[in-house]
Amino acid sequence: MAGRGEQGTRLCGAALGPAEDHGAAPERVLFPPAFSVSEIKNKQRRHFMFLRWKQQQRKEKLANKKKRKKEREALGDQAPPKPVPKTIENQRVYDETTVDPNDEEVAFDEATDEFAPYFNRQTVPKILITTSDRPRGRTVRFCEQLSSVVPNSHVYYRRGLALKKIIPQCIARNFTDLIVVNEDRKIPNGLVLSHLPDGPTAHFKMSSVRLRKEIKRKGKEPTEHMPEVILNNFTTRLGHSVGRMLASLFPHDPQFIGRQVATFHNQRDYIFFRFHRYIFKSEKKVGIQELGPRFTLKLRSIQKGTFDSKFGEYEWIHKHREMDTSRRKFHL
């Protein structure tokens, strides 16, 4: 065993070179073609050599990038197009339900679904935000900040009432949507969105909740202007319906003078919410400030009609073992 340790140390010393014995780091380390860090027995030396190898890889990658950039500048307009990197998103498995904007069936569904009165500007959104029973401070603060993002929204606390009793009261008071924020271990972990009076109802898993005070380099408090709404990557029929449900929470006519934007970005079936204010630095440059809060949603189910956990009919349910068989298959 002692012979092996000495041999591993000698290998490391030979690879590092004599400069390492005096504490001076060489400018570049040339590793042999068949070099393997795992062959080094000494743990400290192995870790050090791995860091040096990673540093050399980064330098070579940066040098190649600069070389390609100079070649493209020299060729000018004759330069070949940049290669598109392979990602999970652009290798997505084709979905038959992908929405075509010119599809007559899709246009008919949009004109006759539950959200058509909103998009036809016949109704104005009025939102009720409530919580689970006995909410903790973090959930209460999140609901208050969410109400400052969604215009014409009101926060009320459950006080032991069941949702089946709350929904008729909301309909009688002309609320168009009901948002219920659930929590577990004092952390918001779920969101139920029910469109009134006829549904549908969506259940989301909520994660990565950040309040305003937890966001670095945040802007000032949001104003009462109606924000713009941006929906990204809701491409399938299911994603199209979810996007229309989220868009119907905000008034149809934004006030651009407020320069506030609410973004729902779908990536790999995770819906990331961000609330920003953009600032014009010059005629060509625009900066943004995040106002908060931020959170991430994951669709669990869509139910026809309003919330009914016992007799409700579900349009779509996320079944983990059946639907998550491929990393490149997405549903929204």
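Me: How many aromatic pairs does the count come to?

Reply: The count comes to seven aromatic pairs. Bear in mind that this is a predicted model. One of the pairs is Phe-142 with Phe-295, at 5.6 Å centre to centre and 85° between the planes.

Me: What makes the pair of Phe-142 and Phe-295 edge-to-face?

Reply: Planes over 60 degrees apart count as edge-to-face, and here the angle is 85°. Phe-142 sits in helix 5 and Phe-295 in strand 10, so the pair ties together parts 153 residues apart in sequence. Both Phe-142 and Phe-295 are buried. They also belong to one aromatic cluster, along with Phe-250, Phe-264 and Phe-273.

Me: Why is Tyr-278 called buried, and why is Phe-280 called exposed?

Reply: Buried means under 20% relative accessible area, and exposed means over 50%. Tyr-278 has 17%, so it is buried. Phe-280 has 56%, so it is exposed.

Me: Why does Pro-188 count as buried?

Reply: Its relative accessibility is 2%, and the limit is under 20%, so Pro-188 counts as buried. Pro-188 is in strand 4. Leaving aside neighbours within four places in sequence, its contacts include Arg-138, Val-181 and Met-206.

Technical notes: Residues numbered from 1 in each chain as written. Predicted model: local features only at pLDDT ≥ 70, side-chain atom pairs only at ≥ 80, totals over all residues. Heavy atoms only, no water. Helix = DSSP H or I, 4+ residues; strand = E, 2+ residues; numbered from the N terminus. Buried < 20%, exposed > 50% of the residue type's maximum accessible area, 1.4 Å probe, protein only. Contact = heavy atoms within 4.5 Å. Phe/Tyr/Trp six-rings, centres within 6.5 Å; stacked < 30°, edge-to-face > 60°.
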